[in-house]
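I've got one model to show you, so let me put it up and then we'll walk through it together.

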Amino acid sequence: RNGHGFIHDPQVARLPEVKAQIRMLFRTGTAPVDREICAIRSFQLTNRRVAGRVRPQYKALESVLRTMADDGSKASLSH
């Protein structure tokens, strides 16, 4: 699955769950009409006991694209 390599193991941190977030900032266009687009992905890794063994459970929580309009208002699209 996508994103597993970015999340720390909850057993190492001695926590029941670990959350992670990846943020990327892109600039589009040329200098006078340059816009920034921020892409954000959120993940969660939880250790669950199944039949006496600890098994990691991975979840992709949220994906968001965020940009700012010329008038300063923010617009976002989540999946």
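Let's begin with P16, which is exposed, because its relative accessible area comes out at 60% and the cut-off for exposed is over 50%. Keep in mind that this is a predicted model. So where does P16 sit? You'll find P16 in the loop between α1, residues 10–13, and β1. And what does P16 touch, if we leave out residues up to four places away in sequence? That would be P10, L45, T46 and N47. For a sense of distance, take P16 and L65: they are 49 residues apart along the chain, and their C-alpha atoms are separated by 29 Å.

One of those contacts, L45, brings us to the inside. L45 belongs to the largest nonpolar core, along with I7, V18, A20, F43 and Y58, so six residues in all. Two elements give two or more residues to this core: β1, which runs 17–28, and β2, which runs 35–50. As general background, nonpolar side chains in soluble globular proteins tend to be buried together.

The largest pocket holds about 240 Å³ of space. There are 14 residues lining this pocket, and the closest to its centre are R35, E36, I37, T67 and M68. Which elements give two or more residues to that lining? Those are β2 and β3, the latter being 53–68. β2 gives the largest share, four residues.

How values were computed: Residues are numbered from 1 along each chain as its sequence is written. This is a predicted model: local features need pLDDT of at least 70, side-chain atom pairs count only at pLDDT 80 or more; totals for chains, interfaces and linings use all residues. Side-chain values use heavy atoms; hydrogens and water are left out. A nonpolar core is a set of buried Ala, Val, Leu, Ile, Met, Phe, Trp, Tyr and Cys residues joined through side-chain atoms within 4.5 Å. Buried means under 20% relative accessible area, exposed over 50%, partly exposed in between (1.4 Å probe, protein chains only). Contact means heavy atoms within 4.5 Å. On a 1 Å grid over the protein atoms alone, a cavity is a set of points where a 1.4 Å probe fits but cannot get out, and a pocket is an open set with protein on both sides within 12 Å along at least five of seven lines; lining residues have an atom within 4 Å of a point. Grid points are joined across faces, edges and corners, and a volume is the space filled by probe spheres set on the points.
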